[in-house]
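This briefing goes through a protein model by topic. It begins with confidence and then turns to the fold, a cavity, a pocket and a few local features.

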Amino acid sequence: MNQSVSLTYRLAGNLPETTAVEIPQNPVGTSLTLTVQWQDQNGQVKTLLNAAAVSDYQQLAPDADYSQLPFDSLFRGQPNNGDRLYGIPASVHGLYLSLRPTRGQPQHMQVVHYLRSGEYVRSRLGPCLTENGDLDAAIESQLARLEERLQSKDWAAADRETRQLLAPGSPFNPVLPRPAVIRAVDQMWLTASNGRFGLSVQLRLWQEVLSKHSNHHEAAVNAWRDRIGWKLTAPRAEVDFISSDWLNESELTYSLQAPEGHLPWAGVSDAVVQSVAVPPPGEHCGSCTVDAMQLRNERFYHYIPQLMEQIDLSLD
């Protein structure tokens, strides 16, 4: 957008599989909301739309004919056929959402912003993850394992379980957790640590440092890191070109003697970083070390602010 900023879209809700005859373009019973977050090059995150209602297609902008909106070809509405093409009335200008395929549960989404006559911004394609009973059962199983680890004070194992819950998906593109998961994880950590560890503890400390570094998110992240004890305090014995002055997973303090908010950890596990840095036998990679460094940097300076924003929304 020529401003070194990025926009993140999160769609949530239910979408029936059938299409009503009287409303051929979209299924009846649609209950969708869209959250839009803005992030600048310093990692500062703002929520532009919070769970805004998604409606059947309507002409929000005066010249936004849905057959002409610049979606990718598979998403673009055709004349007299706006299947799974929606509008977000809460947007300032015109914000449009398209889902594909048009039958069954959607697998991908794309968003188009109307800026002014003839000028649009189009998002990349994003995956749609269906939340069904099996997925909920899997999360409940993970939460049960987390509860067991915390009750036995196995902080390291509990930390690993928590990362799987809070950052599912690709390590390069973790998915923000659902509010219900955040609330459950936070309460378990608070109870087990007598209020010393937990997501709400980390959020409180994050808000404190953010108030002092409101115009410099990288400085805020570093100050927060120092406050909760994630900064390396002594040089490592071996030369490490990948790790920075952030602690690695193996260097954390897994006990109640750790600083307030020290756990759970939000970084990338040592095993994942190593798998990126060192390719399998017989494979060559000219940028593996750089990729591993970038993976850690993105997690700390981009994912953490997004996670804190999500925790704030979930615990509000």
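Across the protein chain, the mean pLDDT is 83, and 84% of residues reach 70 or more.

**Basis of the values**

- Residues are numbered from 1 along each chain as its sequence is written, and side-chain values use heavy atoms, with hydrogens and water left out.
- Because the model is predicted, local features need pLDDT of at least 70 and side-chain atom pairs count only at pLDDT 80 or more, while totals for chains, interfaces and linings use all residues.

**Overall fold**

- The protein chain has 7 helices and 8 strands; helices (H or I, at least four residues) and strands (E, at least two) are DSSP runs, numbered from the N terminus.
- Of its 316 residues, 43% count as buried, where buried means under 20% relative accessible area, exposed over 50% and partly exposed in between (1.4 Å probe, protein chains only).
- Among contacts with a separation of 6 or more, 55% are between residues 24 or more positions apart.

**The cavity**

- On a 1 Å grid over the protein atoms alone, a cavity is a set of points where a 1.4 Å probe fits but cannot get out, and a pocket is an open set with protein on both sides within 12 Å along at least five of seven lines; lining residues have an atom within 4 Å of a point.
- Grid points are joined across faces, edges and corners, and a volume is the space filled by probe spheres set on the points.
- The count is 1 cavity of 30 Å³ or more, and the largest cavity has a volume of about 80 Å³.
- Its lining includes Arg163, Leu199, Trp265, Ala266, Arg299 and Tyr303.
- Helices H2 (155–166), H4 (199–212) and H7 (288–315) each supply at least two lining residues, and the largest share, 3 residues, comes from H7.
- The lining divides into 8 nonpolar, 2 polar and 2 charged residues; Ala, Val, Leu, Ile, Met, Phe, Trp, Tyr, Cys and Pro count as nonpolar, Asp, Glu, Lys and Arg as charged, and the others, Gly among them, as polar.

**Ala266 and helix H5**

- Ala266, one of the cavity-lining residues, sits in the loop between H5 and helix H6 (270–277).
- Ala266 counts as buried because its relative accessibility is 12%.
- Beyond four places in sequence, Ala266 contacts Trp230, Arg299, Tyr303, Ile304 and Leu307.
- Ala266 and Ile304 are 38 residues apart along the chain, and their C-alpha atoms are separated by 7.1 Å.
- The buried residues of helix H5 (residues 217–227) include His217, Asn222, Trp224 and Arg225, and its buried residues pack against S3, H4 and H7.
- Just after H5, Gly229 takes a positive phi of about 80 degrees.

**The second largest pocket**

- This pocket holds about 330 Å³ of space.
- Of its 15 lining residues, Leu48, Ser91, Val92, His93 and His113 lie nearest its centre.
- The largest share of the lining, 3 residues, comes from S6.
- By class the lining has 11 nonpolar, 4 polar and no charged residues.

- Strands S6 (residues 108–116) and S7 (residues 119–122) run antiparallel and are joined by 4 bridges; two strands pair if DSSP finds at least two bridges between them.
- Tyr114 has Tyr120 in S7 as its bridge partner.
- The hairpin has 2 residues between the strands, and Gly118 takes a positive phi near 75 degrees.

How values were computed: pLDDT = per-residue confidence, 0-100. Contact = heavy atoms within 4.5 Å.
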